[in-house]
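Try each task before you read its solution.

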Amino acid sequence: MAINLKTVDDKELLYGTKICQGCGAGMAARMALKVLGEKTVLCTPACCFAATTTVFPQSSIFVNNAISAFPGLAATASGMTHAMKALGWDDDYTMLAIAGDGGTIDIGLQGLSGAAERNDDLIYICYDNEAYMNTGVQRSGSTPFDAWTTTTPTGPCSKGEKNKFRKSLFEIMSAHRIPYVATASVAYPQDYMAKVAKAKEIKGCRVIHVSAPCPTGWGYDTAKTVELAKMAVESGLWYLAENEGGEMKLTYKPKELKDPADYLKMQKRFKHLTEEDIQEIREIRDAEWERLKKVLSFE
Ligand SMILES: Cc1ncc(C[n+]2csc(CCOP(=O)(O)OP(=O)(O)O)c2C)c(N)n1
């Protein structure tokens, strides 16, 4: 699908923010807003995106952004989309909810499940920086195996995050049988924006889970966000997929998976890993890729 990059004037998007240099979350939000345009009603819970763009009385977004309680984004957005209908707003408006992985995959999951069950008419974007970044890098249900965070320290008694598998929001939401679920990455803007554009044309509950690296929490050079996000996909540690009406597929398949070692070695949160640890991550990646082949029907 061709994306009109001129939907909104670049200058109107997120100027004068407090977003860190190289913030993947800012990129994810900016690209979504670019596609959805001015007829968007936005709601965000406590997270980096809210704290860096929307602190009353200042805002750096060209549409209003209502801030919800941390666990309450989906419930608030559900109420707002019903209110839009009750007020007779024209159908062109999109109710957009944007939250981090903590606010979605952990504390906000119950409300999102309710919105999905009711098939409330909204687009929910979870930008995934793989920890609770706004409060200083605490682990979430999306923190990868072995990663350092302040609550998964590294040292003689601990090797970072213990869970081998991250919660799969894509599969959790697919199990709700909503009309559209996708994964995406800020390193593949055409793929991501096409998914947002497709979601805009569909009614009901639509969820997009976008990989969004965080230089501050992951510990890497701020210029490398896109490179790192790309390496995650090319090494099979993240994947680009969609589920449209029950049809699940990969939307981008790397020719052959790259060695995750290069990706891991670029980040301070993995600097404690030995060659044996990296080998274990390769094996977990291989097993997960085999599982995904069955879920997403690819070879
Ligand atoms: C009930 C509740 N618990 C904790 C907090 C503190 N808090 C605010 S933002 C945040 C982290 C958000 O993490 P995430 O959703 O992953 O978004 P990110 O900060 O990474 O953008 C926390 C714990 C809160 N606001 N409300």
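**Exercise 1. Describe how helix H1 packs on helix H7.**

Solution. Start with the geometry: H1 (residues 24-36) and H7 (residues 189-201) pack at an angle of about 45°, and their axes are 9 Å apart. Axes here are lines fitted to C-alpha atoms, for helices over the stretch in contact, with angles running from 0 to 180 degrees between N-to-C directions. Helices (H or I, at least four residues) and strands (E, at least two) are DSSP runs, numbered from the N terminus.

Next, classify the angle. H1 and H7 are therefore oblique to each other; under 35 degrees counts as roughly parallel, over 145 as roughly antiparallel, 65 to 115 as roughly perpendicular and the rest as oblique.

Then list the residues. H1 contributes Met31, Ala32, Val35 and Leu36, while H7 contributes Pro189, Tyr192, Met193, Val196, Ala197 and Lys200. Contact means that the C-beta atoms, placed from the backbone, lie within 7 Å.

Finally, sort them: this contact has 9 nonpolar, no polar and 1 charged residues. Ala, Val, Leu, Ile, Met, Phe, Trp, Tyr, Cys and Pro count as nonpolar, Asp, Glu, Lys and Arg as charged, and the others, Gly among them, as polar.

Before going on, note that this is a predicted model, in which local features need pLDDT of at least 70 and side-chain atom pairs count only at pLDDT 80 or more, while totals for chains, interfaces and linings use all residues. Residues are numbered from 1 along each chain as its sequence is written.

**Exercise 2. Find what surrounds the ligand.**

Solution. Begin with the count: 18 residues surround the ligand, and the closest are Cys48, Gly100, Gly102, Gly103 and Asn134.

Two or more residues come from each of helix H2 (48-53), strand E5 (94-100) and helix H4 (101-106). H4 gives the most, with 3 residues.

Last, take the classes: the shell divides into 10 nonpolar, 7 polar and 1 charged residues.

**Exercise 3. Which peptide bond is cis, and where does its proline sit?**

Solution. Check omega first: the bond from Phe56 to Pro57 is cis, with omega near 10°. Then place the proline: Pro57 is in the loop between strand E2 (54-55) and strand E3 (58-59).

**Exercise 4. Locate Glu130 and check its phi.**

Solution. Glu130 lies in the loop between strand E6 (122-128) and strand E7 (154-155). Its phi is near 70°, a positive value in a residue other than glycine.

Methods: Contact = placed C-beta atoms within 7 Å. Near = placed C-beta within 6 Å.
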